[in-house]
Amino acid sequence: METIRNWLLPLVLAAVQGALMWPGLGPDETPGVPGLIAVGCALLVETAALGRRRQAPVRALAGALGAYVLGTVAWPDGYLGLGTLVALYSVAVRCPLPVTVRAVAGLVGVEWVMSAVQDGFRVSFLILALSLSVYALCAGLGEARRQWLGGRLTAAHRLAGAEHARRTAGDQERRRLARELHDVSAHHLTSVVVTVDAARRLQDSRPELAPEALSFAERTGTETMASLQRLVGLLRDTDCPGPAVTSAEIEELVAGFGRLGRPVATRIPDDLTGPAAEAIHGIVREALTNAVRHAPGAAARVHVRRADGLLELTVENAPPRTSAPHDTGGLGAGRGVAGMRERAAAAGGELTAGPGPDGGWLVRATLPDVAGPQQPPGPAWRRHVLREQRLADPALALTAMILPVVISLGATEDWPERTRRASMPELIVVTVLLVLHALPLLWRRRAPVACLVAVLATAWLWPVAVAAVPLPSRVSQFLAGGTLVEPLAVYALAAYGRGPSTAWPAVIATTFGTAWVLTATAAADGSFDGDPVDGAIGAMVIVLCVLLAPLFAFVCGAGLVLRRRRLRVLAHDDFAFASSMWHAQQAAEAERHRLALTLREAVLHHTASLVALARQGRLDDVATTARAALAAMRDMLHGLGDAGDVADRLAPSPTAADLESLCRTLRAAGRDVRLRGLPEAARDLPPSVHVSTYRIVEAALGAGDHGPARVTLRRRRGTVSITVTGVPLAVVVPVAERLRVQAAAGEGHIVLEPTGTVRVSLPAGPAPVPVQEVSPSPYA
């Protein structure tokens with residue numbers, strides 16, 4: 001299908017040009033045999049260049065331009081050279097705006113040089129103006145298409161992100177709860193275990209520590225219950241956000257660790273807030289908790305400083321005071337450092353942790369500082385103009401200005417020299433009027449109603465100018481050429497306005513307004529197109545209305561069709577995005593309710609028993625219950641973090657042969673997915689290539705698209721080629737990044753085309769040799 005799209009238009013253009021070379025179908029004067037050979041070579045070069053216009057648009061334009069020069073020199077009156085317009089359109093669609101502008105300048109320059117050599121400077125000026133308007137209009141249409149495709153790509157990116165959020169909503173909630181549970185309960189319960197164990201070990205030499213440990217256990221257990229109940233409440237009530245973390249809460253957290261008997265030095269800015277403050281709070285809590293577990297009694301230091309728009313966090317603890325081994329078995333869940341890295345990454349930073357230079361432990365994190373003043377964005381209208389009117393609307397306005405002027409100047413070629421010189425001031429007046437009339441088209445997208453009103457208002461300058469300035473009839477009649485602006489303004493109002501309620505009344509107003517302007521101009525001049533106007537003004541208005549009404553109605557209908565199509569596409573995107581986000585929210589909410597129930601059953605009852613035992617003064621039972629609570633928390637964290645990993649480890653590795661089952665499942669779900677070339681291409685593949693092939697196709701088909709898709713596998717020269725079409729969401733992040741990683745893991749090459757096609761080549765070793773059955777020998 002892609003090959004047909006690339007070569008169909010070049011072949012049609014070549015066929016049309018070839019038909020003109022047939023005697024009787026083209027110009028009367030045909031070139032000789034050398035000229036025909038040169039034209040044939042130009043056609044071959046142009047067709048070959050246009051066939052690559054999507055892959056290499058600039059090179060295609062260069063080839064088409066060279067073919068145009070060769071064909072025009074060989075056959076000036078018969079070579080069309082439409083390939084340059086097609087190639088320029090492709091450049092505008094696929095290249096940045098500066099490249100498109102340089103391409104237009106190059107084409108106009110070549111056109112001017114050729115016309116100057118052939119016809120002289122005066123005629124070349126007309127050719128320059130006309131070619132500028134044509135090339136600018138072609139480039140503007142291509143730029144508009146490029147902007148539309150860019151908008152579609154952005155929408156696909158947005159929808160892919162929503163689909164990714166829908167698929168990972170449950171996992172994200174489990175990870176978030178794991179971080180919160182680890183940060184909240186591990187800190188408190190670890191402190192209880194450390195304090196109670198110390199009191200039990202020293203109860204013979206320092207019996208006064210036992211009441212203090214029981215009091216600390218009761219107080220900390222109560223705080224743990226309050227924290228866990230708050231967490232359960234937040235899980236059940238998603239509309240009630242948690243309080244924002246600030247510098248004061250971080251300092252209070254550090255002070256709480258200082259009350260456990262360890263010296264902690266702190267240096268924190270006073271204005272921390274937002275995601276960075278939440279990340280710092282969680283990292284400091286985890287780092288100091290690890291210090292309590294593994295280095296009891298050792299000094300620690302917490303330092304946060306700003307540097308170049310970043311927050312640099314350092315948490316460092318000294319080695320333990322005693323070299324005796326400290327029993328920390330069962331206290332941790334094994335996710336401390338990983339949780340800190342996840343929290344730093346969620347805030348847009350990174351974290352490292354490892355042994356310090358003095359034998360202790362050092363945690364460093366770098367986070368973006370979002371507390372500083374942000375640069376205000378530019379005005380909305382400026383962004384709108386840069387996005388929507390960079391080239392398309394100025395090109396249309398330029399064409400509407402230049403085309404009538406070129407026609408007017410070209411019509412004076414048959415005038416006597418004396419008349420032409422006397423008419424130059426009048427021609428300048430006509431040019432100014434045409435420019436003023438077309439200038440409002442620059443705002444046709446941003447303010448279509450105001451644009452149409454300005455166009456209709458400036459049109460009345462024509463009869464005023466004809467009445468005030470003695471314009472010859474052969475000049476004033478070209479003012480009617482400016483009516484090209486009115487259809488463009490009506491189309492803009494229909495396509496970018498408020499809908500049919502304002503578009504059809506605008507058609508009626510424009511029809512009557514244009515008819516009256518043309519009639520008033522003809523009445524002021526005394527003639528119209530050489531025919532005198534003898535008082536039949538009313539009849540002339542009626543005739544012009546009958547002629548103009550179908551034109552404006554057709555233009556308005558085309559604009560309304562385009563508007564409806566765009567609104568339908570945008571509504572589909574919004575609905576798909578909202579649907580994905582709703583399903584993600586529902587999945588996350590269901591996961592939160594399930595996790596809240598598990599949390600109450602797994603940890604809260606242990607914590608309540610710990611508080612009750614502490615109030616009864618049962619130190620040994622407090623230690624046992626605290627360890628049981630920590631064990632329950634650890635089991636829950638492992639269940640949250642490792643459930644998916646265990647399932648992946650237990651599941652058998654898929655192969656390319658499983659693609660048929662995958663496509664069958666998608667077809668059963670209502671999506672048309674076809675698979676070609678499976679048995680031959682998948683025979684005798686290495687196991688790693690089997691897995692890579694399946695994963696790549698699975699990721700491409702699972703990007704979130706709902707339209708028909710085609711999967712083609714080919715095996716040639718030791719390479720497996722995978723082509724998946726109909727997956728526009730697979731060529732944008734995050735699916736595109738996952739596909740690149742999977743292709744790189746298989747040592748392959750991947751190409752992601754904006755049209756929604758994924759092409760992957762994987763090395764697969766030599767192609768399998770078919771085994772021929774040999775009939776048994778009768779003498780065996």
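This note goes through the predicted model point by point.

1. Basis of the values. This is a predicted model, in which local features need pLDDT of at least 70 and side-chain atom pairs count only at pLDDT 80 or more, while totals for chains, interfaces and linings use all residues. Residues are numbered from 1 along each chain as its sequence is written, and side-chain values use heavy atoms, with hydrogens and water left out.

2. Cysteines. The structure holds zero disulfides, a disulfide being a pair of cysteine sulfur atoms within 2.5 Å.

3. The largest nonpolar core. A nonpolar core is a set of buried Ala, Val, Leu, Ile, Met, Phe, Trp, Tyr and Cys residues joined through side-chain atoms within 4.5 Å. The largest one has 42 residues, and those that touch the most other members are Leu701, Ile722, Val724, Ala730, Leu739, Val758 and Val760. Helix H24 (residues 687–701) supplies the largest share of this core, seven residues. Helices (H or I, at least four residues) and strands (E, at least two) are DSSP runs, numbered from the N terminus. Apart from this core lies another, of 30 residues, including Phe257, Ile268, Leu311 and Leu313.

4. Contact here means heavy atoms within 4.5 Å.

5. Helix H25. In H25 (residues 735–745), the buried residues are Val735, Ala736, Leu739, Gln742 and Ala743. Around the axis they cover an arc of only 125°, so they sit on the same side of H25. The arc is that of the directions from the helix axis to the C-beta atoms. These buried residues of H25 pack against H24, S11 and S12. On the other side of H25, Val741, Ala744 and Ala745 are exposed. Just after H25, Glu747 takes a positive phi of about 55°.

6. Strand S11 (residues 749–753) pairs with strand S12 (residues 757–763) in the antiparallel sense, over five bridges. Two strands pair if DSSP finds at least two bridges between them. Glu753 has Thr757 in S12 as its bridge partner. Three residues stand between the strands of this hairpin, where Gly756 takes a positive phi near 100°.

7. Salt bridges. Side chains of opposite charge can pair when their charged atoms come close. A salt bridge is a side-chain nitrogen of Lys or Arg within 4 Å of a carboxyl oxygen of Asp or Glu. By this rule the count is 11. One of them joins Arg759 to Glu753, with the closest N and O atoms 2.7 Å apart. Arg759 is partly exposed at 29% relative accessible area, whereas Glu753 is buried at 16%.

8. A salt bridge across the sequence. Glu218 forms a salt bridge with Arg615, and their closest N and O atoms are 3.0 Å apart. Because Glu218 lies in helix H7 (residues 209–236) and Arg615 in helix H20 (residues 537–616), the pair ties together parts that are 397 residues apart in sequence. Glu218 is partly exposed, at 27% relative accessibility, and Arg615 is exposed, at 58%.

9. The side chains of Arg695 and Glu698 meet in a salt bridge at 3.1 Å, N to O. Both residues lie in H24, three residues apart, which is about one turn of the helix. Arg695 is partly exposed at 35% relative accessible area, and Glu698 is partly exposed at 32%.

10. Helix H16. Which residues of H16 (residues 461–468) are buried? Trp462, Pro463, Ala465 and Val466 are. Seen down the axis, the buried residues of H16 fall within an arc of 160°, so they line one face of the helix. Val464, Ala467 and Ala468, on the other side of H16, are exposed.

11. Thr314. This residue lies in strand S3 (residues 310–317). Thr314 is buried, with a relative accessible area of 10%. Leaving aside neighbours within four places in sequence, Thr314 is in contact with Arg301, Val302, His303, Leu362, Val363 and Arg364.

Key
Buried means under 20% relative accessible area, exposed over 50%, partly exposed in between (1.4 Å probe, protein chains only).
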